[in-house]
Amino acid sequence: MGGIVWELDPRFAPADGESTARPGPRLGTLTTTPWDHPGPVGVPTPMALTYTRRGEPAHLTPDNVDLLPREARTFHVSLAHFMDHLGPDHVGNMPGGGRRYFGCRPTCMLVTARDPLTFDQDAKQSNTDAHTFVASPTGTTKITTDDYARWIEAIQPDAFVALADESPSWRDGVALKKTKQASARTEKWLARLLEKTKESPTRPSVFASLQGGADVRERRACAEGIVERHGTQLAGFAIGSVGAGETPGEHRQSLLRASIEPTPWDKPRYVAGLGAPLDVLDALESGVDLVESSFCHQCTTQGYALTFPVKPPPTTNGAGGLKKRKRCDGKDGNERHERVAEDEERVAEDGEEEDANRRLLTGGDAFKSNMWALAYRADKRPLLPGCKCYTCERYMRAYVHHLLQCHEMTAAVLLDIHNYFHFNKFMEATREAIGAGTFAEFAAFHRERAARMDGDDET
Amino acid sequence: MILGNTYHLENRPGSSLLRHLGGLSTFVDWNRSSLTDSGGFQMEKGVSFQSPIDGEQMLLTPERSTRIQNRIGANVIMALDDVVSSVCLEAKRFEEATHRTLRWIDRCIAAHQRPSEQALFGIIQGGVDLRLRSTCIEEMNTRDAHLPGYAIGGLAGGEEKDAFCRVVAQCASKLPVNKPRYVMGVGYPLDLVVSFGKQTMKGSS
């Protein structure tokens, strides 16, 4: 209870005399005290919040979530999913309060107004000084700061991002006037929400949403203003309106940095919408500490399994060997590896990847494989050979393929378990690289690999 | 014990593919027992199905059903029987079904390629007519050497509960005591309690 505490790893603090650290990848710890735990729970950052729909992971029951790394119990919750005709009371009136409403009990819950996968504004509806819109289950719905505050009180999250007027960055050429207006509204709504929630018994932490659209100067001005006028009341900062069509790489990072540089170095930064692995690298390089894993949800719902290596392969040859795998029938899982190598025409061992022609046929790419593809119909290998998740230790690609073809729900369950597990392992690998000082090489590996596998021929 | 549907598994992913992948239990990672239903309704030479996927017709004869079940690889396989809805009004139809079921059990036994790995269960038919049921049991018993288990079929299809109880009681008393008896399609809790003492019942509710 009582919000979040985030601590920067001292190795990444600015040196004496430096006014602010130049934003870059850094390590930290996010700590909460869940209502159903005897003590505080800390998770390392950078990390990815688990995507939820109406407060629950889309295809996973609580026992399934237990199969994931423990940081997967840090949830992102979208208020938009709740904004139907029922209102906040059916959550807030639960015995014991809103925190007990969810079946899966997160150790940390961050609430934002909109779903990271959608921008809810459209051409027909404009925000006013009093309200913006979210895509609720019953259609686009108005939301005011009063509504937002009532929902915060009902759900009782550890932290929330204040309601914002988002101007997605794709709208280059939006008149500066509109961008400034969005920044002004966002700050006004922040002030109002700080006022309304400071007396809350559960004392949620407040993250400001930093706007400024596609204009670097406006982003900097918005961030500076918010830090100056409200900084002491804020637990962290969300960089808004990214992951919305801006050019990845330098352009995106310039927008991120413009928002981040004016903020105090000892407070965490969250960004929604930078979900695919290369986007995450952009975010971390700009100094972001928290991302969200809606990318995993998207992959699962489209039948993709994440199959990219989380880090560069070890330089020593054959050091890994065949990993021991569990099988329900008690047989050593490696036995299946050997049989598979004999049976299959393609040679594909742990660490080796499908060639480009095959990927073209199966509809996968450098990061994911399309399990709908008939190429996997008789494939006895796990989704990702060597993966230690529950799905890969027990099931074969042919089975997941079969489940998809039969439109069986279990396909999504098995894919979700694998995808969230793998994505969390990727975040763990980023932390390892940051800690070892090798993040630049780590990022280069992923970018070069993607360019090599998915890029155009140079001839 | 999990139950696999022979017809649907033959459609997707196909019993040959299942055999190639190590059988049903390996495919779904289930280390306990399994059973496949033969897929019986009514037909002349066998049972005709139309695929819900592409409309293609599949003729399921005793031989084909048994061989498909051999490839799927469940621990228990069911004989293809001629089962009539228990609320059918024609007495003659039940008689026809009883005798056909007996002819088909011999064909299933002959077609069974894995008798030491998979237990073939014979199915008693006869509607709610105790005389027909008795005939069926006596005849089925002569094949006892080839049948590791028996099932009481053709019930739980809307017949009166009195009739249901009488048939189950009669069959249970006449079937060999040293073999499992499987009352098929019995799902409601009360029906389960009534059937208790018959050693196997299918839970489908």
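**Ground rules.** I am working with a predicted model, where local features need pLDDT of at least 70, side-chain atom pairs count only at 80 or more, and totals for chains, interfaces and linings use all residues. Residues are numbered from 1 along each chain, chains are lettered from A and ligands numbered from 1 in written order, and side-chain values use heavy atoms, without hydrogens or water.

**Chain A, a helix pair.** I looked up H7(A) (residues 277-285) and H14(A) (residues 439-454), whose axes come within 10 Å and cross at roughly 155 degrees. Helices here are DSSP runs of at least four residues, strands of at least two. Axes are lines fitted to C-alpha atoms over the stretch in contact, with angles from 0 to 180 degrees between N-to-C directions. The pair is therefore roughly antiparallel (over 145 degrees).

Which residues of H7(A) make the contact? I found Leu278(A), Leu281(A), Asp282(A), Leu284(A) and Glu285(A), meeting residues of H14(A) that include Phe442(A) and Arg447(A). Contact means heavy atoms within 4.5 Å.

**Chain B, one helix.** Next I turned to H6(B), residues 130-141: its 12 residues reach 16 Å from first C-alpha to last, close to the 16 Å expected at 1.5 Å a residue. The expected span is 1.5 Å times one less than the number of residues.

I noted its buried residues (under 20% relative accessible area, 1.4 Å probe, protein chains only): Leu132(B), Arg133(B), Ser134(B), Cys136(B), Ile137(B) and Met140(B). Their cover includes helices H5 and H7 and strands E6 and E7 of chain B.

**Chain B overall.** I counted 8 helices and 9 strands, and 53% of the 205 residues are buried.

Technical notes
Angles under 35 degrees count as roughly parallel, over 145 as roughly antiparallel, 65 to 115 as roughly perpendicular and the rest as oblique. Buried means under 20% relative accessible area, exposed over 50%, partly exposed in between (1.4 Å probe, protein chains only).
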